[in-house]
Structure formats: structure tokens, C-alpha cells
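Grab your viewer and work through these exercises one at a time. Try each task yourself before reading the solution under it.

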Amino acid sequence: MEKKLILAIETSCDETSAAVIENGQTILSNIVASQIKSHQRFGGVVPEIASRHHVEQITLIIEEALEKAEVSYEDLDAVAVTEGPGLVGALLIGVNAAKAIAFAHDLPLIAVNHIKGHIFANQLVTPLEFPLLSLVVSGGHTELLYMASEDSYEIVGETRDDAAGEAYDKIGRVLGVPYPGGKHIDQMAHEGKDTYEFPRAMIQDDNFDFSFSGLKSSFINTVHNAKQKNEEINANDLAASFQAAVIDVLVDKTIRAAKEKNVRQLILAGGVAANKGLRTALEKAVSEELTDVELLIPPLELCGDNAAMIGAAAYVQLKNNNYADFSLNGRPGLSV
């Protein structure tokens, strides 16, 4: 098979990343510069600060990715970039960098959907087999996507309010843990017990949609009421109870959707895919209820935002000669 190299760029939120990917499956380099420390003091991502960091880092990160992969611009077959969804200012930094490189080196330009990138992160470990179902769980998205082929996407379920990762960050602020809250809540949950019996919203509904706003409100009210009554709060039990409620709904609906769609593979994708509780629960449910389905969970370094996943997704478009032109712009509200 002829070797095809893609330089991929990802700047949708608070990571500046560039990667060189061979044939959509092999990582030659994947450089990620995180901004977490810059945003922690604010308890969340500040878009203006994120954009400034991208401006400072983008050229250095791209050069480092090429150097580590031991390739030059002349070796590349295309340049790919996240066009959305994400923060508009952050997206524009990556999009304009990619357009400049494509123009200067006469390379095809490929626009990639960030959510599709998270799904294709799994292809960097194991070839995807269709049909498949993907549970995408991140700070901004909670969706169940059915794929009959590598370029076919059908949303079969999505959150109607807060995304799961967003809810983790919000209750993390209530508990006073550093941003991003998900990692800390997961750690605390393994030290506590599910004693608070929070609601499992929509778990009995005859659909595959999610809702985490009520769970978030129930958690906040529980904490506030306890403080008003000067009652002692067990933070680890609170975290365990919250996480159990999130995971129960995610796993239940995912397993039901996978059965209905009769898929060959089930994929976990997105930043919350790093959650140990979710990974363990999904592995257990699949082994018990979907014995003929292969479960794919990306390694931790490919769960968060990174350019390698963008390069993997871009390879499908490279094969189909599906290129963008120089009118490409950031699309913050882009859906699958």
C-alpha cells in the first residue's frame, strides 16, 4: 500500500496539537501542549486566553511534530485541521495555520469534524469494523453515533442539556476540586460508596437520549442543604454517588442501542473515555451482554483532544479526494 502522510492540526479548545499520521493508522508524531494550568485559576476554559496560547504555540508545535516524525513539508500528502465544533477563536488559529501551510506547499486541505476525530482515535489502535456504535463522551458532547460505514454517521441518542463532562466540571467546582473536575471526581469515587441515591434521568425512557442537568441540580441541592443544616458531608461518597448515576445511564442506553443496531464493534470516545469507572463498567456490561461485540477503548493519551485522531479521521477524506478550499472557516457549532 502506498504510504500517505497527513499533517494534522487540532486547536478546538485548550490543547494545541499537531501530528503526522501515516495511512490513517500509524502515529509518527503527536505533540500536545496543554493549557490546563492557565485555566485552572478560573475554574474553566477562558476562550480569549486559549486563543492567545494557540497563537504562541502553533508554529512551534507543528515544527516539533514534523521533526519528531522525521519528515518535511515535501513528504506530506495533505494537511488536515479541526474545523469544529469548538471555541471559535481557538478554531481559527488552527484553520488559518493549516490554510497557510496548504497554500505555501501546494498541499490538499482537509477539514475534520472534531467529534469524528474522537471516534477515529480508536483506529490508531485497532482497525474499525462496521457497522459500529460509538459513545462519545466529553466536556461538550454526549452522543451515541451509529456508523454503517467509515463515512456514514447517524445520531441515535444525545444529551438534551448538559454533557456528561460538563456536569463533572460543574459539580467539581461545588466540591472544590481543581479544573478539570472529571479526573478528580473519578479518583474520589473509587474511595467512596454510592450512598446518596441520585436520580438516573431518562434511564427507563424508550429512547437513547441523555439528561444530566437534573442530576447536577440534585447534587448541588444536596450539598447546599447539608451545609445549611451544618450536616457533615462525605465528599468521596458524593463523588461515588454522582459517578454511579452518570455511568448507569450511559452504559444502560449504550448497551440497549448496540443490541438494537446489531453492531460488530462498540467504541468509547472523547475525554470522559479516560474515566476508570466508565471504562470498567462498560467492559463488564459488554462481556456479559454483548459477547459477539468487540469493545474498543482508546489509550489514555488518545482520549483527550489531540491531532493524531484528526489525522486518522482525515485519511477517509484523503482517500475520497474530499478536500476543502481556502474559504474554510472555523465552525464552532458544527454537528456530525
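**Exercise 1. Find where N321 sits, and work out whether it is buried or exposed.**

Solution. This is a predicted model, so read every value here as computed from it.
- Start with position: N321 falls in the segment after α10 (307-319).
- Next, the backbone: phi of N321 is positive, about 50°, even though the residue is not a glycine.
- Now accessibility: the relative value for N321 is 54%, and exposed means over 50%, so N321 counts as exposed.

**Exercise 2. Look at the peptide bonds from G84 to P85 and from Y179 to P180. What is omega in each?**

Solution. 
- For G84 to P85, omega is near -10°, and the bond is cis.
- P85 itself is in the loop between β4 (78-84) and α3.
- For Y179 and P180, omega is about -5°, and this bond is cis too.
- P180 is in the loop between α5 and α6.

**Exercise 3. Which residues does L91 touch, leaving aside neighbours within four places in sequence?**

Solution. 
- First place the residue: L91 is part of helix α3 (residues 88-105).
- Its relative accessible area is 0%, so L91 is buried.
- The contact list reads T11, S12, T82, E83, G84, P85, G86, G330, R331 and P332. Among them are G84 and P85, the pair joined by a cis bond.
- Now for a distance check: L91 and L133 are 42 residues apart along the chain, and their C-alpha atoms are separated by 27 Å.

**Exercise 4. Is H114 buried or exposed, and what does it touch?**

Solution. 
- H114 is in helix α4 (residues 114-120).
- At 6% relative accessibility, under the 20% limit, H114 counts as buried.
- Skipping residues up to four places away in sequence, H114 touches E10, S12, T82, G84, P85, D305, M309 and I310.

**Exercise 5. How do α5 and α6 pack, and which residues make the contact?**

Solution. 
- Take the geometry: helix α5 (residues 164-175) and helix α6 (residues 181-189) pack at about 70°, with axes 8 Å apart.
- Angles of 65 to 115 degrees count as roughly perpendicular, so that is how α5 and α6 are arranged.
- The crossing of α5 past α6 is left-handed.
- On the α5 side the residues are Y168, D169, I171, G172 and L175, and they meet G181, G182, I185 and M188 of α6.
- By class, five residues in this contact are nonpolar, three polar and one charged.

**Exercise 6. Repeat the analysis for α7 and α8: at what angle do they pack?**

Solution. 
- Helix α7 (residues 213-228) and helix α8 (residues 235-261) pack at about 165°, and their axes are 11 Å apart.
- That angle is over 145 degrees, so α7 is roughly antiparallel to α8.
- The crossing here is right-handed.
- L215, F219, T222 and V223 come from α7, while α8 brings L238, F242, A245 and V246.
- The class count is seven nonpolar, one polar and no charged residues.

**Exercise 7. Which residues touch the most other members of the largest nonpolar core, and which element gives the most to it?**

Solution. 
- The largest nonpolar core has 46 residues, and L133 and F242 touch the most other members.
- At least two residues of this core come from each of β6 (132-137), β7 (142-147), α5, α6, α7, α8, β9 (265-269) and α9 (276-289).
- α8 gives the most, with twelve residues.
- Zoom in on L133: beyond four places in sequence, it touches L144, L145, Y146, V156, T254, A257, A258, V263, Q265, L266 and I267.
- There's also a second, separate core of 32 residues, which includes I21, I267, A269 and A307.

Terms used
Residues are numbered from 1 along each chain as its sequence is written. This is a predicted model: local features need pLDDT of at least 70, side-chain atom pairs count only at pLDDT 80 or more; totals for chains, interfaces and linings use all residues. Side-chain values use heavy atoms; hydrogens and water are left out. Axes are lines fitted to C-alpha atoms, for helices over the stretch in contact, and angles run from 0 to 180 degrees between N-to-C directions. Helices (H or I, at least four residues) and strands (E, at least two) are DSSP runs, numbered from the N terminus. Angles under 35 degrees count as roughly parallel, over 145 as roughly antiparallel, 65 to 115 as roughly perpendicular and the rest as oblique. A crossing is left-handed if the near helix is turned anticlockwise from the far one by less than a right angle, and right-handed if clockwise. Contact means heavy atoms within 4.5 Å. Ala, Val, Leu, Ile, Met, Phe, Trp, Tyr, Cys and Pro count as nonpolar, Asp, Glu, Lys and Arg as charged, and the others, Gly among them, as polar. A nonpolar core is a set of buried Ala, Val, Leu, Ile, Met, Phe, Trp, Tyr and Cys residues joined through side-chain atoms within 4.5 Å. Buried means under 20% relative accessible area, exposed over 50%, partly exposed in between (1.4 Å probe, protein chains only).
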